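Hi,

Here is the structure I promised to pass on.

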Amino acid sequence: MIREKGTRGKAVLLWTAALMTAGCVAGMQDKMTVYASQRRLPEPLVERAAEGTAGTETEGGGEGAETPLTPEELEQERKIDEYFDGTVFVGDSIMLGFRNYAMKRQDTFLSRMQFLAAGSYSANNALWDLGNAESVHPVYQGQPRYVWDSIAMTGSNKVFIMLGMNDLNVTGLEGTLEKYGELIGKIKESSPDAEIHIMSMTYILKGKEVGKLENDTIREYNKMLEEMAEKNGWGFVNVADAIADENGDLAAEYCSDEFAHQNPAAYDIWVSVLRDYAKGQLGLAAAE
């Protein structure tokens, strides 16, 4: 099955021989370069906000000079932090990488998140019986459980889900979307008041395609996910485009394994995207 290898940030690698591999989604970087070039956070913004300062570029050309945040800016950062109270993030090994990243930053808003993730996890096998010998259900409170039961046990009011990379070569686009919808239906049955937020699937490196796991298909899949989210009143978070290169592939600088898994620099971008998303959900001023 899947093994976890300890790389920087403990990004989780590998795929099963029969059950697919990991994937990533991207869009056109020409519209998204602001994330890669301007909003990468060498440290999560909240760390600076807690100190009442923010890094800026001075007229003298030096980067990193600090200016005090205004009371209004501090209040906005506090509200963004609080948005992530009661959140749970569900996913596969890409999400495991983000979990490991977050665990090293527990003095930030990332400590407010819970995670239900497992290597090779998918919308398809999330529905498998717990007794299945090949089950990869995430562990919660010491044992594997159906994710909808675990979510209910956490009491989470916001569920962020990133799945599909381990499905495309098994159930295809339509089949994967159907399984995704079925899974969310079970989550809503167990936690009817929980908000659903779908996260885009991220891309793979150019030239690393495996069957249907290739970037044009991933783009199509993300579009279908976004349409499904819009139709059902769910949120959609586009992480994929923020870490893509100018060709719409996973940018090499964000890849940890020459395939699909991501490094801490990529998760810095996730932080920026998620905080901007929270800002939009809260109706706060758009990031400049």
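This is a predicted model: local features need pLDDT of at least 70, side-chain atom pairs count only at pLDDT 80 or more; totals for chains, interfaces and linings use all residues.

Residues are numbered from 1 along each chain as its sequence is written, and side-chain values use heavy atoms, with hydrogens and water left out.

Start with helix α5, residues 147-154. (Helices are DSSP runs of H or I with at least four residues, strands are runs of E with at least two, and both are numbered from the N terminus.) Val147, Trp148, Ser150, Ile151 and Thr154 are buried there, meaning under 20% relative accessible area with a 1.4 Å probe, protein chains only; exposed is over 50%, and partly exposed is in between. Looking down the axis of α5, these buried residues fall within an arc of 160 degrees, so they line one face of the helix. The arc is taken from the directions from the helix axis to the C-beta atoms.

What do they pack against? The partners of the buried α5 residues are β3 (87-91), β4 (113-117), β5 (139-140), β7 (158-162) and α6 (168-190), with contact meaning heavy atoms within 4.5 Å. Just after α5, Gly155 has a positive phi of about 75 degrees.

Now for the backbone angles. Most residues other than glycine have a negative phi. Ser120, not a glycine, has a positive phi of about 70 degrees. Ser120 sits in the loop between β4 and β5 and counts as buried, at 1% relative accessibility. Glu258 also has a positive phi, near 60 degrees. Glu258 is in the loop between β9 (235-237) and α8 (264-282), and at 59% relative accessibility Glu258 counts as exposed.

Cheers
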